[in-house]
Amino acid sequence: MSRGVLLFAFNNPKFNYYEMAVATARRANHFLGLPVTIVTDESSVPNDCDYTFDKTILIDPDKNNIRDYNVWINKGRYQAYVLSPYDETILLDTDYMINSDTLLKTFDIYDDFCCHDTTSFLMHPGVPQEVLSAYSFKTMWATVVTFRKTERARQIFECLKMVQDNYDHYANIHSFVGGVYRNDYALTLALRIVNGHTDNKQDIIPWNLVHVGKNTSVHRNAEEEFNTEFTVIYDSWKRGKIKKEYITLTGTDFHTMNKANFMELIK
Amino acid sequence: MNTASLITDAKARFSHNSAKAYLKDKFSSKLIVAEQGGLWTASPALISFLSVQTPFTIDDNVIVIDNFDNPVQVDGKALLKKLQDTYNTVMNEWHAEWASLESKR
């Protein structure tokens, strides 16, 4: 059984996702000991890159998604099942900072598909879990998805495509904002549809996805490439003034929502 | 600029509450074990149950509900040993990191 990591990375005018993918791939090689395949487009591949992916798959991406006045090329994630060259795949967002071998545990705990359904925000303990809308489901997260090539996993990814193609319809049914396509929402719906509109505990990674929110910045504590110690600083508003608060992290994977911060971390 | 001077210059205060929550997240995940066809959390409750139950079973076989709500027949002694080892290792690490955070200002 072959195992590997799959990353989707398409540059937009604001961020170099390919560069993020290279940094994440190096860390996946180092901490997980797994090969990494990248799915990208021709215009994102730089001429001078000293890192070689296990495989580079070039596709023509769907650029029809706008977020914060920028093209956000996140559609087409459903192709992971077909494009992955591995029997067992960890599909990751490129801005996921790997600092441990924790993700390898997902291979031990799943049947053929698993993702996170709970998150925790650093510096914001106790923040409620995100839901699609006030009367809808708890959001699943497409940041980390581990899957095996089985018939059921294929159905989940096909269903993801169906939800993506009919996103506004599902947004209407579930009362969430449909203008910007989100893989998290599409995955939430696809997984429920394939599971017969029920929850399946065995599809859930049994620990929280750690997020670094937008008003929080992360700094490396050492310059070495595979540094695992970080300081997280947060601007806390108290009595009309900003008070800075911090904590230190060691050996913890986290997902950075602030892409600019992630770019600073990998420099 | 290194992080130590960044913290000093910004007069940042160490957030004990956030650090405590972060440690709980970090180490709770390490307490989860996949063993003998089930998924388990090395919790005091499960360890206590196996400690009490195993001596009264034939061939050490016990049926336990795992984290996915499946009844799984396990070798109670072997699972107990695995869970105790995991619990002790993780709690020692958790305590050590918590103690070092507690000393911060």
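Reader: Leaving aside its neighbours within four places in sequence, with which residues is Leu92(A) in contact?

Author: Contact means heavy atoms within 4.5 Å. Beyond its neighbours within four places in sequence, Leu92(A) is in contact with Val5(A), Leu6(A), Leu7(A), Phe8(A), Thr24(A), Ile98(A), Leu103(A), Thr143(A) and Val144(A). The model is predicted: local features need pLDDT of at least 70 and side-chain atom pairs count only at pLDDT 80 or more, while totals for chains, interfaces and linings use all residues. Residues are numbered from 1 along each chain as its sequence is written, chains are lettered from A and ligands numbered from 1 in the order in which they are written, and side-chain values use heavy atoms, with hydrogens and water left out.

Reader: How many residues has the largest nonpolar core?

Author: A nonpolar core is a set of buried Ala, Val, Leu, Ile, Met, Phe, Trp, Tyr and Cys residues joined through side-chain atoms within 4.5 Å; buried means under 20% relative accessible area, exposed over 50%, partly exposed in between (1.4 Å probe, protein chains only). The largest such core has 77 residues, and those with the most contacts inside it include Leu92(A), Phe53(A) and Leu83(B). Helix H1 (residues 17–32) of chain A gives the most to this core, nine residues; helices (H or I, at least four residues) and strands (E, at least two) are DSSP runs, numbered from the N terminus. Another core, of 36 residues, lies apart from it, with Ile59(A) and Tyr181(A) among them.

Reader: How much area do chain B and chain A bury between them?

Author: The size of an interface is often given as the accessible area lost when the parts come together. Buried area is that loss (1.4 Å probe), summed over both parts. Here chain B and chain A bury about 2,400 Å², 60% of it on carbon and sulfur atoms. In chain B, Thr3(B), Tyr22(B) and Phe68(B) lose the most area to chain A, together 24% of what that side buries. The contact takes 29 residues from chain B and 27 residues from chain A.

Reader: Which residue forms a salt bridge with Asp69(B)?

Author: A salt bridge is a side-chain nitrogen of Lys or Arg within 4 Å of a carboxyl oxygen of Asp or Glu. Lys201(A) is the partner of Asp69(B), their closest N and O atoms being 3.2 Å apart. The count between the two chains is two salt bridges.

Reader: Is Asp203(A) buried or exposed?

Author: Asp203(A) counts as buried because its relative accessibility is 1%. Asp203(A) is found in the loop between helix H6 (183–194) and strand E11 (209–212) of chain A.

Key: Buried area is the accessible area (1.4 Å probe) that two parts lose on being put together, summed over both.
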